[in-house]
Amino acid sequence: MRVLITGGTGLIGSALIRSLRDSNSEITVLTRSPDRHQGLMQSGVRLVRWDGATAEGWGHLVSQVDAVVNLAGEGIADGRWSTARKERIRESRVRAGNALVSAIRDAESVPKTLIQSSAVGYYGPGADEIMTEQTSPGEDFLANVCSEWEASTAEVEAMGVRRVVIRTGVVLSSEGGALPRMTLPFRLFAGGPLGSGKQYFPWIHIADEVAAIRFLMENERASGPYNLAAPNPPQNRDFVRDLGRAMGRPSLLPTPSFALQALFGEMSTVLLDGQRAVPARLEEDGYAFVFPETVAALRDLV
């Protein structure tokens, strides 16, 4: 399979590249800084420079691939949400999607499939409500960003491209992302629930994230939105209890909501508000999770 990936140097993209490379796929990665990722080039991945906003210099490549995976976007939890940062978070996603649409519109032949990244933040804070792909979008900042992110590539469906939208939960990996940050307090014997601990924590093991993307990429019947999260999302207090047990550490010291709000500002919603998102369509289509349960996933990773 010939695959073009945006955002391929991030946590999910890097793991996806390794998986595709093992199956002898031809991989092209669009990146702002090819010189920083020479290791990928040495392993047979083609790196192409782009500005993250236009199809200039690479648009013709979409005629040469079977699938496009759009993972591009500035990190949500990399810093406090100033007005300028919130705009960068939104624009980085929308511009990347618009660039792909422009490239596909002008292509001699279109790719068969486009995997469009999104997040369970699409649903907004949800208390105890079970959220499937049929649940309406929320109205907060993250929900609006996800809605615009998804819409940025919707036009390719009218061009004959099968489009799958992956609404991903918190990806757990020992190589980066949220988990290493979460384990640090436990290593210092200071771990515990965040805020009330009652908020749901929709997570997915990196192995399942990659396998699910490939499942949807190769399943020609799949289209539309899919929640990529483990089947039974725990509440935060249960997740950190299992994390503590996996590490052989206590999980007794809660971090109060006001402290997180003072430290992170509006971004604290990522930690204090959750979504009880379940992978209804993914399981209906026959995907079998490698790590459906929290304890086994955490033991594997930590």
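Student: What covers the buried residues of α7?

Tutor: This is a predicted model, where local features need pLDDT of at least 70, side-chain atom pairs count only at pLDDT 80 or more, and totals for chains, interfaces and linings use all residues. Residues are numbered from 1 along each chain as its sequence is written, while side-chain values use heavy atoms, without hydrogens and water. Helices (H or I, at least four residues) and strands (E, at least two) are DSSP runs, numbered from the N terminus. The cover of the buried residues of α7 includes β8 (170-173), α5 (178-187), β10 (203-205) and α11 (294-301).

Student: Which residues of α7 are buried?

Tutor: Buried means under 20% relative accessible area, exposed over 50%, partly exposed in between (1.4 Å probe, protein chains only). In α7 the buried residues are Asn236, Phe239, Val240, Asp242, Leu243, Gly244 and Met247.

Student: How far apart are the end C-alpha atoms of α7?

Tutor: The expected span of a helix is 1.5 Å times one less than its number of residues. Helix α7 (residues 236-247) has twelve residues, so it should span 16 Å. The model agrees, for its end C-alpha atoms are separated by 16 Å.

Student: Is α7 parallel, perpendicular or oblique to α11?

Tutor: The two pack at an angle of about 40°, with their axes 9 Å apart. Axes are lines fitted to C-alpha atoms, for helices over the stretch in contact, and angles run from 0 to 180 degrees between N-to-C directions. Under 35 degrees is roughly parallel, over 145 roughly antiparallel, 65 to 115 roughly perpendicular, and the rest oblique. So α7 to α11 is oblique.

Student: Which residues make the contact of α7 with α11?

Tutor: Contact means heavy atoms within 4.5 Å. From α7 come Phe239, Asp242, Leu243 and Ala246; from α11 come Thr294, Val295, Leu298 and Arg299.

Student: How many residues of each class are in the contact of α7 with α11?

Tutor: Ala, Val, Leu, Ile, Met, Phe, Trp, Tyr, Cys and Pro count as nonpolar, Asp, Glu, Lys and Arg as charged, and the others, Gly among them, as polar. The contact of α7 with α11 has two charged, one polar and five nonpolar residues.

Student: Why is α5 called roughly perpendicular to α7?

Tutor: Their axes lie 10 Å apart. What makes α5 roughly perpendicular to α7 is a packing angle of about 70°.

Student: Which residues make the contact of α5 with α7, and how do they divide?

Tutor: α7 gives Phe239, Val240, Leu243, Gly244 and Met247. α5 gives Leu179, Met182, Thr183, Phe186 and Arg187. By class they divide into seven nonpolar, two polar and one charged.

Student: Which residues of α1 are buried?

Tutor: Helix α1 (residues 11-22) has twelve residues and should span 16 Å, which agrees with end C-alpha atoms 17 Å apart. Just after α1, Asn24 has a positive phi of about 65°. Within α1, the buried residues are Ile12, Gly13, Ala15, Leu16, Ile17 and Leu20.

Student: Which residues of α6 make the contact with α1?

Tutor: α1 and helix α6 (residues 206-218) pack at an angle of about 65°, their axes 10 Å apart. α1 brings Leu11, Ile12, Ala15, Leu16, Ser19 and Leu20. α6 brings Ile206, Glu209, Val210, Ile213 and Arg214.

Student: Is Asn70 buried or exposed?

Tutor: Asn70 is found in strand β4 (residues 67-70). Ile5 is 65 residues away along the chain, but the two C-alpha atoms are separated by 6.0 Å. Beyond four places in sequence, Asn70 touches Thr6, Ala96, Gly97, Leu100, Ile115, Gln116, Ser117 and Thr153. Its relative accessibility is 0%, so Asn70 counts as buried.

Student: What is the relative accessible area of Thr168?

Tutor: Thr168 is found in strand β7 (residues 162-168). Leaving aside neighbours within four places in sequence, Thr168 is in contact with Ser118, Ala119, Val120, Ile204, Glu209 and Leu228. Thr168 is buried, and its relative accessible area is 8%.

Student: Which residues is Asn144 in contact with, leaving aside its neighbours within four places in sequence?

Tutor: Asn144 has its place in helix α4 (residues 141-151). Asn144 is partly exposed, with a relative accessible area of 36%. With those neighbours left aside, its contacts are Gly138 and Glu139.
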